[in-house]
Amino acid sequence: MMDLKIFDRMESEVRGYIRSFPVIFNQAKGSVLIDESGKEYIDFFSGAGTLNYGHNNPVLKDKLVEYLETDGLVHGLDMATSAKKYFMETVERVLFKPRKWDYTLQFTGPTGTNAVEAALKLARLVKGRQNIISFTHGFHGVSGGSLAVTANSKFRDAAGVALSNTSFMPFDGYFGPDVNTICYMERMLEDSSSGLDHPAAVIVETVQAEGGVNVASWRWLKELQKLCQRYDMLLIVDDIQVGCGRTGQFFSFEAAGIQPDIITLSKSLSGFGLPMSLVLIKPEFDIWKPGAHSGTFRGNNLAFVTAAQALDSYWTNENLIDDTLRKECLVRDWLENIVHSYPKAGLSVRGRGLIQGLVFAGSGDMANQIAKNAFAHGVVIETSGANDEVLKVLPALTIEDELLVRGLEIIERSVSEVLANKSASGKVLKFGGKAR
């Protein structure tokens, strides 16, 4: 066992992932993590979706080192810098012009919740209304405004203050496949006695990653946009975890043919694990006064360098899209085979692109124990969902096929071990202590 005493002694009880992965990681390359003892782990976690291009991607690292060696500006608030200029030029050339889009860019504080806070604040300014519609099982961050639109009671209960100005509506499929939740929402909106205050905006994830890999259909997303237009609400898509190519195309909503009023990005945006957060705003809604939303670290020039390089290297053609969709089929088929191998275990699969969930009906004990067994065998993987009942497969988009298959073999082995143990003992140990 590694000596983790200093973490126990000095770090707050709020620490979470260290409890699930109780080793000291020392190195990382591509889709492999290495601890201080030299043991290697296949990464099916990707920094909670922050490392779509793997650890220490050499294409990005070389550009970053080159920039540092020329004494390029590291910290710049929201001043103009060469790195920021090139990043914006690259976004326009690679993302906007091919799509014929027109958005302004707001650089917020460095994490996803900062982008969500800015998006919510701006929507309220634009519409002059306070209420926001969010969805069951949604997760948008743990600071004040973003926590108010987050559904999970584990996070909400830690707020210490009232969380208001949000109305939660059922996500696609919440009542089962036969209930159209858009109709439910529309009935609430059209009825002046429903008790629903007219919202300024709707915020949605196309795939609820933390919420349990719940996937919105393209039809539902199209209907949601039309609903927002009919009732004068802005549509905010939170693409923080499932954007930047996670579902195939760069933006997770593209195949639905919608164009949100506001888009939030973070996590894999920098491409290298460097903190960076961004809000895309349709120009007619960019009504900010200068300095009205600020932050010391909204100008991470190192992140601008690697983000621009990631766009140039991976998004000027469709090679990564095709490879991601090919790997989606590989992962999906493997997980479906596990489901069919254990027909009485209550398993199912859901997901899109390279975010796939192996779902265990009921509590999260089985999923947690499988994650624990997988870690012991050399795979880093987490669970998600209201009760941690979903084993979330989240590898780098650039993972080699051989590593991907090895990791899936370990997942299958871990499922077999846990189900055999459950059959023998009638109970499963809980893999607890995780926090985000």
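Glu89, Glu92, Asp102 and Glu284 form a negative surface patch. Patch members have over 30% relative accessible area and no salt bridge, and like charges are joined within 9 Å. Asp and Glu count as negative, Lys and Arg as positive, while His and the chain ends are not counted. Each charge is placed at NZ of Lys, CZ of Arg, CG of Asp or CD of Glu. Areas come from the Shrake-Rupley method with a 1.4 Å probe, and for residues only the protein chains shown count as cover.

This is a predicted model, in which local features need pLDDT of at least 70 and side-chain atom pairs count only at pLDDT 80 or more, whereas totals for chains, interfaces and linings use all residues. Residues are numbered from 1 along each chain as its sequence is written, and side-chain values use heavy atoms, with hydrogens and water left out.

Glu89 sits in helix α5, residues 82-99. Helices (H or I, at least four residues) and strands (E, at least two) are DSSP runs, numbered from the N terminus. Glu89 is partly exposed, at 37% relative accessibility. Buried means under 20% relative accessible area, exposed over 50%, and partly exposed in between (1.4 Å probe, protein chains only).

**Salt bridges**

The structure holds 22 salt bridges. Each puts a side-chain nitrogen of Lys or Arg within 4 Å of a carboxyl oxygen of Asp or Glu. Among them are these:

| Pair | N to O distance |
|---|---|
| Asp8 and Arg15 | 3.0 Å |
| Glu13 and Arg15 | 3.8 Å |
| Arg19 and Glu13 | 3.2 Å |

Arg15 is buried, at 9%. Glu13 is exposed, at 58%. Arg19 is partly exposed, at 32%. Shared partners join Asp8, Glu13, Arg15 and Arg19 into one salt-bridge network.

**The sheet**

An open sheet of 4 strands runs in the order β1-β2-β3-β15, with mixed pairing. Its edge strands are β1 (25-29) and β15 (379-380), each pairing on one side only. Two strands pair if DSSP finds at least two bridges between them. Strand β3 (residues 40-43) pairs with β15 in the parallel sense, over 2 bridges. Asp43 stands opposite Val380 in β15.

Methods. Patches are made of residues with over 30% relative accessible area and no salt bridge: like charges are joined within 9 Å, nonpolar side chains (Val, Leu, Ile, Met, Phe, Trp, Tyr) within 5 Å.
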